[in-house]
Amino acid sequence: MFPEPEKATFDIVINGRAVTADSSMSVLEAAEACGIYIPTLCHHPLLAPAGSCRLCVVEVEGLRGLLGACTLPSEPGMIVRTETPRIQEFRRATLESIIRMHPRDCLICPENLRCELQTVVSHVQPAPVPFVPGPPQLKEVGLFFARDYNLCIKCGRCIRACQEMRGNRALYFLHDECGLHVGTPLGASMDNAACESCGACVDVCPTGALRSNDQAGLPERTIKTICPYCAVGCQLKLEIKNGRVMQSWPDHDGPANHGQACVKGHFGIAQFVHSPERLSKPLIRQQGELREASWDEALDFIAIRLKSYLPEETAVVSSARCTNEENYLLQKLARVALGTNSVDHCARL
């Protein structure tokens, strides 16, 4: 493959500060790249810009009106302002209309600033508005995540993630006597609506409307790792608390998965890592019974048994659940140490 040509860069001015951008970047992306915060609820870096929430509006010198930063291409010499009194007034009015039908408990949730709506409210500082409850919306706990559309702000991220990122059609905007809301075809449960339980919708939801069943409080730390379920090499972020994995999330910077994960990597890590049925020590079978052994004893036992076979009597089968590196080492062990080329791989899960 030929390398992509370098993009020509130029400067734009945001809030009096020179910012480097290129023609592929929106004003929002240029601002985020240099640490300038512009509130938004419909935009997500893994999704195509929608410009529907209208919270990311900015003013550009020489252009009329308030413009959505997420859909506004960067151009050389632009002079952009993101926090004028006019912008702040518009944002407050827009956000007040969004939170008017949003439960107050969500805005004072003990998981402070974990959801994006809280972060936006903290920045915009809307005036207190009376809560106007709408018709009760669906609440459902599925196998891996829960839906509570009473917390939904109708940003459409979950629908776009399902369709754009996963190529699926499990979620839509629906119209009925309750008005516009997110739902599944024919009102089916997520488990029966062509949903693959990949969790992409959960990852992009800016509120608690879509929530992992594993999510329980704030983590003490987050670490990056590689998913152990297969050899694709998806990069995950594990949330750790009290020395235990709380939940896993696909990492946006993962070179193999680009913020995506399958149901196993997204929802199946904590369960098997801390499963009481998981073996923690090697077992050796003696007289028909399995007994615990040390690693040194088990490895010596295996080495002695392997020495009793000729290379033509030996074959090695590796696993698709191992990493590429582990499978490479196993075939090297077979060919170099055991002297056999009889190596197979169950290239399936």
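Is Glu-164 buried, exposed or partly exposed? With a relative accessibility of 42%, Glu-164 counts as partly exposed, where buried means under 20% relative accessible area, exposed over 50%, and partly exposed in between (1.4 Å probe, protein chains only).

The legends below describe a predicted model, in which local features need pLDDT of at least 70, side-chain atom pairs count only at pLDDT 80 or more, and totals for chains, interfaces and linings use all residues. Residues are numbered from 1 along each chain as its sequence is written, and side-chain values use heavy atoms, with hydrogens and water left out.

View 1. Glu-164 belongs to helix α5 (residues 157-165); here helices (H or I, at least four residues) and strands (E, at least two) are DSSP runs, numbered from the N terminus. The domain assignment of the protein chain gives domain 1 (9-98), domain 2 (134-213) and domain 3 (309-349), with bounds that come from an automatic or database domain assignment. Taken over C-alpha atoms, the centres of domain 2 and domain 3 are separated by 44 Å.

**View 2. The salt bridge of Glu-59 with Arg-86.** A salt bridge is a side-chain nitrogen of Lys or Arg within 4 Å of a carboxyl oxygen of Asp or Glu, and the structure holds nine of them. In one of these, the side chains of Glu-59 and Arg-86 meet at 3.6 Å, N to O. Glu-59 lies in strand β3 (residues 57-60) and Arg-86 in helix α2 (residues 85-99), so the pair ties together parts that are 27 residues apart in sequence. Glu-59 counts as buried because its relative accessibility is 18%, whereas Arg-86, with a relative accessible area of 47%, is partly exposed.

**View 3. The salt bridge of Arg-81 with Glu-61.** The side chains of Arg-81 and Glu-61 meet in a salt bridge of 3.3 Å, N to O. This pair links distant parts of the chain, with Arg-81 in strand β5 (residues 79-81) and Glu-61 in the loop between β3 and β4 (67-68), 20 residues apart. Arg-81 is partly exposed, with a relative accessible area of 35%, and Glu-61 also counts as partly exposed, at 48% relative accessibility.

**View 4. Lys-224 and its salt-bridge network.** In the salt bridge between Lys-224 and Asp-253, the closest N and O atoms are 3.9 Å apart. Lys-224 sits in strand β11 (residues 221-226) and Asp-253 in the loop between β13 (244-250) and α7 (263-267), so that the pair links distant parts of the chain, 29 residues apart. Both Lys-224 and Asp-253 are exposed.

**View 5. The largest pocket.** On a 1 Å grid over the protein atoms alone, a cavity is a set of points where a 1.4 Å probe fits but cannot get out, and a pocket is an open set with protein on both sides within 12 Å along at least five of seven lines, while lining residues have an atom within 4 Å of a point. Grid points are joined across faces, edges and corners, and a volume is the space filled by probe spheres set on the points. The largest pocket has a volume of about 1000 Å³, and of the 38 residues that line it, Arg-114, Cys-115, Glu-116, Asp-203 and Cys-205 are the closest to its centre. Among the elements that give two or more residues to this lining are α4 (116-124), β7 (145-148) and α6 (200-204), and α4 gives the most, with four residues.

**View 6. The largest cavity.** The structure holds five cavities of 30 Å³ or more, and about 100 Å³ of space lies in the largest cavity. Its lining is made by 13 residues, of which Cys-162, Cys-195, Glu-196, Cys-198 and Cys-201 lie nearest its centre.

**View 7. Arg-54 and His-258, residues with positive phi.** Most residues other than glycine have a negative phi. Arg-54, which is not a glycine, has a positive phi of about 65° and lies in the loop between α1 (27-33) and β3. For His-258, phi is near 50°, and this residue is found in the loop between β13 and α7.
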